[in-house]
Amino acid sequence: MDKELSELKKEIREKLKLDFIVPDDIPDMELYMEQLTGFMEEHLKNNLRGEEDKILTKAMINNYTKNKLVPPPEKKKYDRDHLILLIYIYYLKHVVSIEDIRKIMKPIVEKEMDSEKLFEVYTKTFEMEKPQYFNIESSVVKAAQIADKKIPKEDDEYLNKLLFIFMLGYDIYSKKRLIEKLIEELPSD
């Protein structure tokens with residue numbers, strides 16, 4: 001059983017492997033759009049599902065600016081704050097609506113949060129990612145074990161995987177709902 005658990009954890013780690021941007025890697029200088037998209041692509045490329053997928057495009061950045069998710073660039077240059085906001089948007093857009101992201105980002109875009117505080121929040125987010133990764137891994141392992149108890153792989157591999165997917169989906173949906181409720185509690189205009 002220990003060997004089986006060890007193999008399961010190894011498989012989950014391989015599938016959960018994500019790229020991330022270390023706070024010290026974020027340049028504290030202004031970048032042009034091509035430099036910004038290149039930076040994001042280089043640092044997060046292993047998060048892409050397919051080769052045709054993009055981390056960030058010029059059109060995305062323009063759309064985020066138009067929708068007030070990030071402030072407009074200064075003289076076509078993007079600073080560290082822009083980059084941090086775009087990193088957060090990259091992760092959040094897969095979970096919540098653009099309107100919810102706008103609500104989250106509003107105080108930052110309207111400069112109610114200074115640049116140093118934003119960098120501090122990003123740094124703390126990054127510091128919490130590693131311990132949270134192990135919580136996620138543990139949760140996924142438990143879901144796999146439950147699925148295997150209900151429908152063992154050796155009995156029906158497809159149904160086992162289907163049950164596992166449904167359990168993970170329920171977990172994600174539940175957390176998404178919690179995020180939405182927390183966003184609703186944020187101050188409004």
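Reader: At what angle do helix α2 and helix α3 pack, and how far apart are their axes?

Author: Two packed helices are described by the angle between their axes and the distance between the axes. Here helix α2 (residues 33–44) and helix α3 (residues 58–66) pack at about 105 degrees, with their axes 10 Å apart. That makes α2 roughly perpendicular to α3. Angles of 65 to 115 degrees count as roughly perpendicular, under 35 as roughly parallel, over 145 as roughly antiparallel, and the rest as oblique. Axes are lines fitted to C-alpha atoms, for helices over the stretch in contact, and angles run from 0 to 180 degrees between N-to-C directions. Helices (H or I, at least four residues) and strands (E, at least two) are DSSP runs, numbered from the N terminus.

This is a predicted model: local features need pLDDT of at least 70, side-chain atom pairs count only at pLDDT 80 or more, and totals for chains, interfaces and linings use all residues. Residues are numbered from 1 along each chain as its sequence is written, and side-chain values use heavy atoms, with hydrogens and water left out.

Reader: Which residues of α2 and α3 meet?

Author: Contact means heavy atoms within 4.5 Å. From α2 come M33, L36 and T37; from α3 come K58, I61 and N62. By class, this contact has 3 nonpolar, 2 polar and 1 charged residues. Ala, Val, Leu, Ile, Met, Phe, Trp, Tyr, Cys and Pro count as nonpolar; Asp, Glu, Lys and Arg count as charged; the others, Gly among them, are polar.

Reader: How do α2 and α4 pack?

Author: The angle between α2 and helix α4 (residues 80–92) is about 50 degrees, and their axes are 12 Å apart. The two are therefore oblique to each other. α2 passes α4 in a right-handed crossing. A crossing is right-handed if the near helix is turned clockwise from the far one by less than a right angle, left-handed if anticlockwise. L36, F39, M40 and L44 in α2 meet L83, L86, I87, Y90 and Y91 in α4. By class, that contact has 9 nonpolar, no polar and no charged residues.

Reader: Is H82 buried or exposed?

Author: Buried means under 20% relative accessible area, exposed over 50%, partly exposed in between (1.4 Å probe, protein chains only). H82 lies in helix α4. H82 is buried, at 4%. Leaving aside neighbours within four places in sequence, H82 is in contact with V70, P71, P72, P73 and K77.

Reader: What is the phi of K68?

Author: K68 has a positive phi of about 60 degrees although it is not a glycine. K68 sits in the loop between α3 and β2 (77–78). K68 is exposed, with a relative accessible area of 56%.
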